[in-house]
Amino acid sequence: MAEKRIGLQTVKLSNPPSILGTATVVGPKEGEGPLKDYFDIILEDDMWGQESFEKSEVKIQEEAIKQAIFNANLSSKDIEYLFSGDLLNQIITSSFTARQLNIPYFGLYGACSTMTESLSLGAMIIDGGFADKVVCATSSHFSSAERQFRFPLEYGSQRPFSAQWTVTGAGATVLASSGNGPYITYITTGKIVDFGIKDANNMGGAMAPAAIDTISQHFKDTGYSPDDYDLIITGDLGLVGKRILLDLMKKEGYDLSKVYSDCGIKIFDGVEQDTHAGGSGCGCAAVVFNGYIYKEMLKKNLNKVLLVATGALHSPIITLQGESIPCIAHAVTIDNLID
Amino acid sequence: MEYLKVFIVGGLICVIGQILLDTTKLTPAHILVIFLTSGVVLGAVGLYKPLIEFAEAGAIVPISGFGYALSKGAIDGVKAKGIIGAFVGGLEATAGGIAAAILFGYIAAIVFDPKTKS
Amino acid sequence: MDNMNNKEYQKYAERKIPKPTYFKNILYAFVVGGAICVFGQIIRNMLFKFGLDENSVTIATSIILVFVGSFLTGIGIYDKIGKIGGAGAAIPITGFANSIVSPAMEYKREGFIFGVAARMFSIAGPVLVYGVGSSVIVGILYLIFTKGR
């Protein structure tokens, strides 16, 4: 009997794992944004002395993981599992990072939903009694993503207003079976939702239904309402996705307007930094969660947060074949108090 | 006056492209193909030549002018060499620009590194 | 979300997208595209002064414009012109050069055969395929119609 399951898609962790430490590394543009004071390392140059953007992304993820382990007062020998993923083909960033770290490794692909996918699996592994300390991490890099998914950097094209800006950055979380919180208490795992959006420049519109599906299922499964949360934050829906989510959630009977935000909107100043609909990428939810949300929870300014990282699970090849974008959203409840 | 004609015709050709970009899902690559092929067709039916006589660079510099040069080259090639000319004429007329793009592209790739957008 | 089907949602989501700033985009495309053509005309007029014939002037002008487009791409300026000018920067032959040089530069790390050379025409390749292909068809049709007379 799976006695930790509640409702259709949610698990309630009976011994909620605690976050022991986090770390974030971000690129120069993110380091100029509104959340700059929450990041551990801000790069002056997004190549970071490496010879390619991909290698730079590996270094960014590796440093974020090492720094998180250090911030948790542990050494990498103490870590039993590493859960990580990224956007690049065959998740090379994560695998090349794991090559340096010597930690047993599960590579994940959840596109931009990877932060909550890794937190979900890490937390369940601990609660299941299979590990005491794990690291959950993910990263993205504007320039490595741009060349894989869009056009060369020096190509002169215009970005539509619905387009988002891939965050250069990595975030890592150390989870442990005991600690002083914040704790991971509930996990709602998303289903693939696809309403047939094909426009790769409108990720927010494509992913919003997945977030709506997961958030409303979370409320149904747990019995919570929006008022139980200090913050409900999606990964990278951006301005277009935010509008859709607030509007359609209201039609579902949930008014989120007081508690809702989006990592992609928080990380950049859309007007000043010309990022159009906001940030995106695995790194977006990762650095906003491991930087801003975690630190605000330690200060008790936020006590109960629902983090819903959203992912668009497509590839340039299948998009050219005319397929629409399958999307997913995983929700994780992070709580300062456990009963 | 000459430059004004160039400016207006060249600008208007680009405006058509911009309207297509903003109102459809076409990418710049689609636009380039459409404009080039339009230049080939308009050149073949004799509609592009008057535009070049009127606006010179205003009609030559846009990629549609490249298409015109291709079709004019192919037709001139047929006149001079028959069927062989249909195959060699277009590329012959535009070889300068294409070879330049290949050479300069290669050199630029060796000399310069792409920079992240900010 | 249960009361909405895919078509309805797609229409709904489309409406939530901010519209492009049509007027500004068109104005900038006009100015940037027009200015590049004027620059081309200045080159043409100079070349005519050197005593070149019409045909050579046209070829030399495109070579010089391709060089300028490549150089501005190399030093990282053409993408900024493209961001402002949109189609005004893409449609002139300098934009064609930009579409060749930018992937060539981008893939240097992957080597000079499979990187630079193989990727060089990833955007401009289709342009050549359709341009050269259609020009051959034009030539053949011309042959058929003139022979038929």
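A: Helices are here DSSP runs of H or I with at least four residues, strands are runs of E with at least two, and both are numbered from the N terminus. On that basis chain B has 6 helices and 0 strands, and its elements follow one another from the N terminus as α-α-α-α-α-α. The model is a predicted one.

Along the principal axes, the C-alpha atoms of chain B occupy a box of roughly 55 × 35 × 35 Å. Of its 118 residues, 51% are buried. Among contacts in chain B with a separation of 6 or more, 51% join residues 24 or more positions apart. The chain exposes about 5200 Å², with 75% of this supplied by carbon and sulfur atoms. Its charged side chains number 8 positive and 7 negative, and the centres of these two sets are 4 Å apart.

Chain B also takes part in the largest nonpolar core, a set of 58 residues in which B:Ile63, B:Phe66, C:Ile91 and C:Phe96 touch the most other members. The greatest contribution to this core comes from helix H6 (residues 93-106) of chain C, which gives 7 residues. Leaving aside residues up to four places away in sequence, C:Phe96 is in contact with B:Ile63 and B:Ala101 as well as with C:Ala90, C:Ala124, C:Val127 and C:Leu128. There is also a second, separate core of 47 residues, and its members include A:Tyr38, A:Ala123, A:Phe142 and A:Phe268.

Of the contacts in chain A with a separation of 6 or more, 77% are between residues 24 or more positions apart. The accessible surface amounts to about 12200 Å², and 51% of it belongs to carbon and sulfur atoms. Chain A carries 27 positive and 40 negative side chains, yet the centres of the two sets lie 2 Å apart.

One site links chain A to its partners. A:Ser143 belongs to helix H4 (residues 142-149) of chain A. Its relative accessibility is 0%, so A:Ser143 counts as buried, the limit being under 20%. Beyond residues up to four places away in sequence, A:Ser143 touches A:Asp46, A:Phe53 and A:Leu153 within chain A, and also B:Thr116 and C:Glu106.

The C-alpha atoms of A:Pro28 and A:Asp46 are separated by 6.8 Å, although the two residues are 18 residues apart along the chain. With residues up to four places away in sequence excluded, A:Pro28 makes contact with A:Leu43, A:Glu44, A:Asp45 and A:Asp46. A:Pro28 has a relative accessibility of 25% and therefore counts as partly exposed.

Most residues other than glycine have a negative phi, and most peptide bonds are trans. Against this background, the peptide bond from A:Gly181 to A:Pro182 is cis, with omega near -5°. A:Pro182 is located in the loop between strand S9 (169-176) and strand S10 (183-188) of chain A.

Two non-glycine residues have positive phi. A:Gln90 has a phi of about 55° and sits in the loop between strand S5 (81-86) and helix H2 (92-101) of chain A. A:Ala111 has a phi near 50°, and this residue is in the loop between strand S6 (105-108) and helix H3 (114-127) of chain A. Their accessibilities fall into separate classes: A:Gln90 is exposed because its relative accessible area of 67% is over 50%, whereas A:Ala111 is buried because its 1% is under 20%.

Methods. Residues numbered from 1 in each chain as written. Chains lettered and ligands numbered in written order. Predicted model: local features only at pLDDT ≥ 70, side-chain atom pairs only at ≥ 80, totals over all residues. Heavy atoms only, no water. Core = buried A, V, L, I, M, F, W, Y, C linked by side-chain atoms within 4.5 Å. Buried < 20%, exposed > 50% of the residue type's maximum accessible area, 1.4 Å probe, protein only. Contact = heavy atoms within 4.5 Å. Areas by Shrake-Rupley, 256 points an atom, 1.4 Å probe, with all protein chains shown as cover. Lys, Arg positive; Asp, Glu negative; His and termini not counted. Charge placed at Lys NZ, Arg CZ, Asp CG, Glu CD.
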